[in-house]
Amino acid sequence: MGKPLVKVIVNGYGVIGKRVADALLKQEDMRLVGVSDVVADWRIKLAVAKGFNIYSSLPDKLDDMRRGGIPVSGTLEELLRSGGVDVVVDCTPAKVGAKNKTLYEKYGVKAVFQGGEKHEVAGTSFVAQRNYEEALGKQFVRVVSCNTTAICRVVGGIHEKLKVRKARVVIIRRAVDVWESSHTGIMNTVVPELQVPSHHGPDAKTVIHDLDIVTMAAKGSHNLYHLHMAMIELNSSVRLDDVVGVLNEEPRVVLVSGSDGIEGLNSIFELARDLGRSRGDLYEIPVWGDSISVASDGREVYLMWATPNESNVIPENIDAIRAITELETRREVSIAKTDKSLNIIKKLY
Ligand SMILES: NC(=O)c1ccc[n+]([C@@H]2O[C@H](COP(=O)([O-])OP(=O)(O)OC[C@H]3O[C@@H](n4cnc5c(N)ncnc54)[C@H](O)[C@@H]3O)[C@@H](O)[C@H]2O)c1
């Protein structure tokens, strides 16, 4: 007989939570117990229409949610107390997860936190391709932010195979997520983050401990994806083919080309929609092959990529569940299972 299905609840049904919930439905070794939130808006009503069991994350929101027309099954705490959950994927807004940790500790359930929480909340930060083994059997793990995940995949892949001496990455962030752009965001400007380095570099080091990396960031006035530009010094001399070869082998990284008309973040967004995936989500990091250049002495590499912020961390959440529950101890097996279930590919077109 195989291992029993791991029972998972998603707490916080927003940009990340709803994608994690849908990804969970595609896993043969996991079962989505339900989703939990504190509001009764159209997003939660859509979750009801999908047949999900709905829980109230805060007891004092239960009546409001019911009055708002949601058939709430009970509170999250009651569910955890009943023993009906093995793992909570906490997708609540930044810093709320830290408060929820006490509840997860009280009932001895495992939890996957997101990048809006500090590393210390979980004690282990996670990108499947880089440090799957570090999370094995842990009670808590934190899937790092979309930006850090992209850096760990691209720069981390180059570091693993070609040895990075130091990496410098500039990030132009999207202003706001699409669903919230009716009430916040910036227009017609670029706003630098004046704290240098930005938090992304130190965050990447929570996953790749020996990486010398500094990041700088600015907020753009668009809402489609982040753009990353990297300058990477290597310990030894390499050729362009070496870098392309590494990226071709790296899971969840794909090459795209300006000469094919992939001119900007908008083209990638359109391509993602044309792939016909749920919500047009792109789980891979598209690196512009035409942007990859190597300095004449072969010791410095330059490249640019897009970071599909709403979706690139979704496969990492699935792998994080497999790692902490030890459903699968081999990283390559978990990554392959997740990639197959989400149709993650190495060539987008
Ligand atoms: N949006 C992105 O592009 C992105 C990318 C990677 C990681 N993250 C991280 O993922 C986490 C979630 O971000 P998001 O963008 O999905 O947020 P979101 O605002 O889209 O969704 C959060 C959800 O949590 C609910 N919520 C609020 N308070 C709650 C509580 N006390 N208990 C339960 N639910 C509560 C909200 O109603 C909402 O549905 C954050 O840590 C964020 O930093 C976000």
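The legends below describe close-up views of one predicted model.

Residues are numbered from 1 along each chain as its sequence is written, and side-chain values rest on heavy atoms, with hydrogens and water left out. In this predicted model, local features need pLDDT of at least 70 and side-chain atom pairs count only at pLDDT 80 or more, whereas totals for chains, interfaces and linings use all residues.

View 1. A polar side-chain atom of Asp177 lies 2.6 Å from a nitrogen atom of the ligand, a polar side-chain atom of Asn309 lies 2.8 Å from a ligand oxygen atom, and an N or O atom in the side chain of Arg43 is 2.9 Å from an oxygen atom of the ligand. Taken alone the ligand exposes 830 Å², of which the protein buries 86%, with accessible areas from the Shrake-Rupley method and a 1.4 Å probe.

**View 2. Asn309 in its loop.** Asn309 is found in the loop between β16 (300–307) and α12 (314–324); helices (H or I, at least four residues) and strands (E, at least two) are DSSP runs, numbered from the N terminus. Asn309 counts as buried because its relative accessible area is 6%, the classes being buried under 20%, exposed over 50% and partly exposed in between (1.4 Å probe, protein chains only). Leaving aside residues up to four places away in sequence, Asn309 touches Ile16, Cys146, Arg174, Asp177, Tyr225 and His226, a contact meaning heavy atoms within 4.5 Å. A polar atom of the Asn309 side chain also lies 3.4 Å from the backbone nitrogen of Tyr225.

**View 3. Helix α1 and its packing.** Helix α1 (residues 15–25) is mostly covered, with 10 of its 11 residues buried, among them Ile16, Lys18, Arg19 and Asp22. The buried residues of α1 pack against β1 (6–11), β2 (30–37), α2 (42–49), β5 (87–90) and α12.

View 4. Thr149 lies in helix α8 (residues 146–162) and is buried, at 0% relative accessibility. Its contacts, not counting residues up to four places away in sequence, are Val127, Val144, Asn312, Val313 and Glu316. The structure holds zero disulfides, a disulfide being a pair of cysteine sulfur atoms within 2.5 Å. For Cys91, which is in no disulfide, the nearest cysteine sulfur is that of Cys146, 13 Å away; Cys152 is likewise in no disulfide, and its nearest cysteine sulfur, that of Cys146, is 12 Å away. Cys152 is buried, with a relative accessible area of 0%.

View 5. The peptide bond from Val196 to Pro197 is cis, with omega near -5°, and Pro197 has its place in the loop between β10 (191–192) and α9 (200–205). Arg252, although not a glycine, has a positive phi of about 65°; this residue sits in the loop between α10 (240–249) and β13 (253–256) and is buried at 1% relative accessible area. Glu326, in the loop between α12 and α13 (331–341), has a positive phi near 55° and is partly exposed at 41% relative accessibility.

Key
Polar contact = N/O pair within 3.5 Å; in protein donor to acceptor, adjacent residues only side chain to side chain.
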